[in-house]
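Q: I've got a structure open and I'd like to learn how to read it. Can we go through it feature by feature?

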There are 2 protein chains.
Amino acid sequence: MTVHAQTKEKPKLTKRKMASQQQIIHAAAVCFMLYGLEKATVNDMARELGSTKGRVYHHFASKNEIFFAVYRQAMQFCFDAVEPVLCLPLPADQKLFKMAKAHAIVMMETLPYQRSIRQGVNMYLHGSDSTAERAVLSELIARRNAYEDLYRSVLQQGQVDGSLSVPDVAIAGRAIMGALNSLVDWYRVRPEQGTADQEKIADTLARTVIRGLLA
Amino acid sequence: MTVHAQTKEKPKLTKRKMASQQQIIHAAAVCFMLYGLEKATVNDMARELGSTKGRVYHHFASKNEIFFAVYRQAMQFCFDAVEPVLCLPLPADQKLFKMAKAHAIVMMETLPYQRSIRQGVNMYLHGSDSTAERAVLSELIARRNAYEDLYRSVLQQGQVDGSLSVPDVAIAGRAIMGALNSLVDWYRVRPEQGTADQEKIADTLARTVIRGLLA
DNA sequence: GTATAAACATACTGACAAGAATGTTTTTGC
DNA sequence: GCAAAAACATTCTTGTCAGTATGTTTATAC
């Protein structure tokens, strides 16, 4: 029974906790997107939740920690969308296309998160005084680099298997990420448009971006 | 003599005024880049100038107006760099390449300005209460659209003269601007590197971006 | 050279937001 | 069903910064 309690009751508590945190993170992402990282107040997030500041500060030590959580989540969305493609047994050009398309779609689907993290990394670099925060920040930046490395490695692979022609892997990688990530700036959510429209945008964009690298 | 005073003395005053304003705008751009739009305080700008807040508020009514001035200046840099290329009698593909390269170079050369305006348009959209500010903001956004239209028009032209193959002009335009503008995120100024390195980066990036659109 | 205005510097205020402190309710372990 | 702790809500403190008001210097006009 005690074992049962540990494997069912305990998770029930943490699940509740995690669900509440996820709600807060989502509300924060929306507020960051709407008002900007600085102008968005913790009260705004609470209001978005239909709740109060007390709840937020019960789960997170500071506003920065909330931003970090949003950042982590945003990156996780990206990894979850792209990593499956990496395992497919395909030539590099096709793999790259699928990755780009998957990335574009996840940009649109998790727009509040991606908008939030787009601005403000430099901001927080100079703003955070605590060394602990700096550490977290470098971890997040490292994670972003790891993600971009996925693309660079496929570019490299394409050079090897001959399906791609890349004069400069670093710059090509930047160009790809820049073009795809620009989606968060210009993509506007329209209520009537479904996944089909997103699919088409992602497809066209990915095709346009990749075509310049084909051998 | 009075005529002489109007044509020499008066301009001397306005020239001094404009020069002071330009200094303030530049200091603001640097601070916006370093600390972010919100965290950068008017005192920071004054300190950057080796001056005080009084000087800043003598020339600008509000912090927002300073940002608007930085925005205008940033866009002007872009227009000044790219418009000469537009007048050249070249096929669209070559013209587009020269434009992209010029844009890339101006991004690196006027980095503080471009960094400043990259974040914060959405921020100010919800933040500004005054209708006058909203008007200025739409004007600036319109100016940015006009600039991007330069690229879209050349893309269109390329479709006509057959030098380019563009499935979707709007998306291709976004992709180009996204890839080029990403420079402000990842380009780091190194003291030893001269214009030659910038040239090379710009050339490689522009080539990579454009190649996907060649016919 | 002196009145006048522009170009600053200095000192102050009011508003707002982060975070702490404290109170209240709900859930959980037993 | 009852302590105990987690999950909140409410209130208060504190620092900061945009903007203002006022003082001081410097340039201009005549």
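Q: How much of chain A is made up of buried residues, and what does buried mean?
A: Buried means under 20% relative accessible area, exposed means over 50%, and partly exposed is in between (1.4 Å probe, protein chains only). In chain A, buried residues make up 50% of the 215 residues. Keep in mind that this is a predicted model, where local features need pLDDT of at least 70 and side-chain atom pairs count only at pLDDT 80 or more, while totals for chains, interfaces and linings use all residues; side-chain values use heavy atoms, with hydrogens and water left out. Residues are numbered from 1 along each chain as its sequence is written, with chains lettered from A and ligands numbered from 1 in the order in which they are written.

Q: What does the secondary structure of chain A come to?
A: Helices (H or I, at least four residues) and strands (E, at least two) are DSSP runs, numbered from the N terminus. Chain A has eleven helices and zero strands.

Q: What share of the contacts in chain A with a separation of 6 or more comes from residues 24 or more positions apart?
A: Contact means heavy atoms within 4.5 Å. For chain A the share is 73%.

Q: How do I read two helices that cross, say H5(A) and H11(A)?
A: Start with the axes, which are lines fitted to C-alpha atoms, for helices over the stretch in contact; angles run from 0 to 180 degrees between N-to-C directions. Under 35 degrees counts as roughly parallel, over 145 as roughly antiparallel, 65 to 115 as roughly perpendicular and the rest as oblique. Here the axes of H5 (residues 92–109) and H11 (residues 195–211) of chain A come within 8 Å and cross at roughly 135°, so the two helices are oblique to each other.

Q: Which residues make that contact?
A: On the H5(A) side they include Leu96(A), Phe97(A) and Ile105(A), and on the H11(A) side Ile201(A), Ala202(A) and Ile210(A) are among them. Sorted by class, the contact has ten nonpolar, one polar and six charged residues. For the classes, Ala, Val, Leu, Ile, Met, Phe, Trp, Tyr, Cys and Pro count as nonpolar, Asp, Glu, Lys and Arg as charged, and the others, Gly among them, as polar.

Q: How many salt bridges does the structure hold?
A: A salt bridge is a side-chain nitrogen of Lys or Arg within 4 Å of a carboxyl oxygen of Asp or Glu. Over all chains, the structure holds 20 of them. One is between Arg118(A) and Asp185(A), with the closest N and O atoms 3.3 Å apart. That pair links distant parts of the chain, 67 residues apart: Arg118(A) sits in helix H6 (residues 111–118) and Asp185(A) in helix H10 (residues 183–186). Arg118(A) is partly exposed at 27%, and Asp185(A) is partly exposed at 34%.

Q: Where do Arg47(B) and Asp44(B) lie relative to each other?
A: They are three residues apart in helix H2 (residues 42–49) of chain B, so about one helical turn separates them. Arg47(B) is exposed at 53%, whereas Asp44(B) is buried at 12%.

Q: Which residues of chain A are linked in a network of salt bridges?
A: Look for Arg144(A), Glu148(A), Asp149(A), Arg152(A) and Arg174(A), which are linked in this way.
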